[in-house]
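Hi everyone, thanks for coming. I'd like to walk you through a structure that may be new to you, so please have a look at it on the screen.

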Amino acid sequence: MTVPNAPTQASSSVRPGPVRRFERALGARVTLHPNRLSALKLLFALPLSFVLLRADVGGTARPLLIALLFGAYATLDYIDGVVARERKLDTVFGRVFDRVAEIPLLFALGWLTIDRISAVPLLPKLGLDVLLLLLHARG
């Protein structure tokens with residue numbers, strides 16, 4: 001039985017040596033708690049997604065802004081995960097919160113790219129993320 005909010009065991013890494021060294025150094029240098037990094041992702045993604053959804057951005061600017069949003073979000077998500085693993089701060093709450101922070105961005109990116117990407121791969125991806133959220137919340 002899993003205890004809610006109890007730290008989970010860090011997964012053994014199969015990453016190459018240089019990547020492991022980089023992640024150890026990153027985990028030691030980033031002082032923010034992983035849950036705060038998840039909050040930053042949410043605070044960053046929501047307003048920018050809203051602006052992209054509401055703004056009349058055309059031409060090459062729109063794909064560039066979408067790529068920048070996704071890249072910045074993915075970077076914060078990577079750092080969040082590294083810090084949680086390296087500092088052994090991975091909790092059930094943190095995993096659920098991380099998933100909750102991802103859902104608005106996934107919906108916004110799906111909406112922004114629906115004219116270029118078929119809904120066929122987007123809908124299962126969103127469904128899988130919601131399912132994972134429910135599974136993480138259940139423990």
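Let's begin with the lining of the largest pocket, where three helices each supply at least two residues: H2 (34–54), H3 (61–86) and H4 (92–113). Before going further, please keep in mind that this is a predicted model.

The space inside comes to about 230 Å³.

Now to the second largest pocket, with a volume of about 190 Å³. Here the elements giving two or more residues to the lining are H3 and H4. The largest share comes from H3, with 4 residues. Altogether 11 residues line this second pocket, and nearest its centre you'll find Arg62, Ile66, Leu112, Asp115 and Arg116. The classes here are 6 nonpolar, 2 polar and 3 charged.

Let me step back to the whole chain for a moment.

Next, the inside. As background, nonpolar side chains tend to be buried together in soluble globular proteins. Which residues make up the largest nonpolar core here? It has 10 of them: Leu42, Ala45, Leu52, Ile66, Leu69, Tyr73, Ala101, Leu105, Leu109 and Leu112. H2, H3 and H4 each supply at least two residues of this core, and the largest share, 4 residues, comes from H4.

Setting aside neighbours within four places in sequence, Leu52 is in contact with Arg62, Leu65, Ile66, Leu69 and Leu112. Apart from this core lies another one, of 6 residues, including Leu26, Leu37, Ile79 and Val83.

On to the aromatic rings. A search of the whole structure turns up 1 aromatic pair. Why is this pair, Phe93 and Phe97, called stacked? Their ring centres are 5.8 Å apart and their planes meet at 15°, and planes under 30 degrees apart count as stacked. Both residues sit in helix H4, 4 residues apart, so about one helical turn separates them. Phe93 itself is partly exposed, with a relative accessible area of 44%.

My last stop is Thr91, in the loop between H3 and H4. Is Thr91 buried or exposed? It is buried, because its relative accessible area is 15% and the cut-off for buried is under 20%. Thr91 and Pro34 are 57 residues apart in sequence, while their C-alpha atoms are 9.8 Å apart in space.

Methods. Residues are numbered from 1 along each chain as its sequence is written. This is a predicted model: local features need pLDDT of at least 70, side-chain atom pairs count only at pLDDT 80 or more; totals for chains, interfaces and linings use all residues. Side-chain values use heavy atoms; hydrogens and water are left out. On a 1 Å grid over the protein atoms alone, a cavity is a set of points where a 1.4 Å probe fits but cannot get out, and a pocket is an open set with protein on both sides within 12 Å along at least five of seven lines; lining residues have an atom within 4 Å of a point. Grid points are joined across faces, edges and corners, and a volume is the space filled by probe spheres set on the points. Ala, Val, Leu, Ile, Met, Phe, Trp, Tyr, Cys and Pro count as nonpolar, Asp, Glu, Lys and Arg as charged, and the others, Gly among them, as polar. A nonpolar core is a set of buried Ala, Val, Leu, Ile, Met, Phe, Trp, Tyr and Cys residues joined through side-chain atoms within 4.5 Å. Buried means under 20% relative accessible area, exposed over 50%, partly exposed in between (1.4 Å probe, protein chains only). Contact means heavy atoms within 4.5 Å. Rings of Phe, Tyr and Trp (its six-membered ring) pair if their centres lie within 6.5 Å; planes under 30 degrees apart count as stacked, over 60 as edge-to-face and the rest as tilted.
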